[in-house]
Amino acid sequence: MIPGTIAPALALALTLTLASASASAPAPQANAIATAYRATAPHQFPHTAAAAGYVPDAYCVPGKAGVGGLGYPHFNHAHDDSLDPAKPTALIYVDDTHGTRRLAALEWVSTRKDGPPKLFGTAFHGPIPGKFPGQPTHYTLRLWLWKENPNGRFALYNPTVSCRPGTTRPAPAQPPRTPRSEPRRVHPRHLTGMVDKSSRPAPPPPPPTAGVPMPLRPRKAFLTCTAAISLGLVAAATAVPAHGVEGPAPDPRNKQAMQDMATAIRVTAKYADEQQALKDGYVPHGEACMTNPFGTGAMGYHYVKEAYWGSTDPSKPAALLYSTEKDEQGRRKLEAVEWMSKDRDQDFKTTDDRPTMFGLPFDGPMPGHWAGMPKHYDLHLWAYRENPAGRFHNWNTAMTCPKTTTPAPDPHAHP
């Protein structure tokens, strides 16, 4: 349906978050958060932030006491003291698993003197001393809007963020030690037993070894160690990076794919308000939450717009996937978007009509998942919730359906 690092705008959007499945917000706060989603959705990648006036810091900011981190801030000081949800002072990017950086958080900085301001109903942290020459004491508020933070969406640091070696700001250089101006004085009692080493004869040179064969056993050990070191170097050069790979994902060098992803997120951000999705023609398909019959994970609840069947337009997904939980007002949170396309000949053996988007092939063909749904292809984009299996993986391994939910109708769907 609707891998593989990387959420939106009306007053009714009450639980707009990428992280906490249980967090909810009063309507005014949700409206402000929706504004932040819409304003920053185009800046999923640093090059668009630069075009909007955000200047990158050259270094990754680690967390305090070695716990977690912040990432790479990009500052727009024209927005200093801003309390506008659409104008954060900084956009925070983190390394993903494909060698690129992805938007994770937003930050507002205030230098006001009358105490900490509030935004989204939350007080700024501070006062905080300036961290570089010329920066005054200030207050700050960080919103982990685009990456889950186990410590909360407004926490200063994220325990799931880390800075790679060599990316943090170097420690200040230590001043050189001043050389002594006079020779060291030795107490007379320390002279007892001292010998003038210059009067000692030089030791005889070691016997020559050229042309002398190494004994068999040491030679075998030497060759074994040499081979092991060589293999280790090769393995180190070809090993998968420690941060791993999160599944199928677009090539970050594919500018069109990156732009299409940003478009999809920007356009669908308003559907964080479930009522807006209903208003625009997305219809819930039954009460069944789709769970993975082959293992862990789920998809949640599908809201489908039949008019967009077959669309490969980033701005026109055929389905929206909503959370398995409801907020205090009984509404679900937007988790993912999905594009679906009918298998032209309804034959599982042929795949010549398989669509692609973002440089990735659709999954399928597969059976329909509810009555009347044809054999089809689909592609998911988990734009509003972290998916440990990958942003484009069909099942989200961090999701579960209620215990009363039955698995996907057809056991062959989404193997």
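**Core and strand**

Tutor: In this predicted model, the largest nonpolar core has 65 residues, and those touching the most other members are Phe120, Trp146, Leu320 and Phe358. As a general idea, nonpolar side chains in soluble globular proteins tend to be buried together.

Student: What percentage of the residues in the protein is buried?

Tutor: Of the 415 residues in the protein, 43% are buried, where buried means under 20% relative accessible area. The secondary structure comprises 5 helices and 18 strands.

Student: Which residues of strand β18 lie on each of its sides?

Tutor: The general idea is that side chains in a regular strand alternate between the two faces of the sheet. In β18, one side carries His376, Asp378 and His380, while the other carries Tyr377, Leu379 and Leu381, and all of these are buried, so that both faces are covered. Because 6 of the 6 residues of β18, which spans residues 376–381, are buried, the strand is largely enclosed by the rest of the structure.

Student: Which strands are joined to β18 by bridges?

Tutor: Strand β14 (residues 332–342) runs antiparallel to β18 and is joined to it by 6 bridges, with Glu338 standing opposite His380. Strand β17 (residues 363–366) is also antiparallel to β18, through 2 bridges, and there Asp363 has Asp378 as its bridge partner.

Notes. Residues numbered from 1 in each chain as written. Predicted model: local features only at pLDDT ≥ 70, side-chain atom pairs only at ≥ 80, totals over all residues. Heavy atoms only, no water. Buried < 20%, exposed > 50% of the residue type's maximum accessible area, 1.4 Å probe, protein only. Helix = DSSP H or I, 4+ residues; strand = E, 2+ residues; numbered from the N terminus. Pairing = 2+ DSSP bridges. Core = buried A, V, L, I, M, F, W, Y, C linked by side-chain atoms within 4.5 Å.
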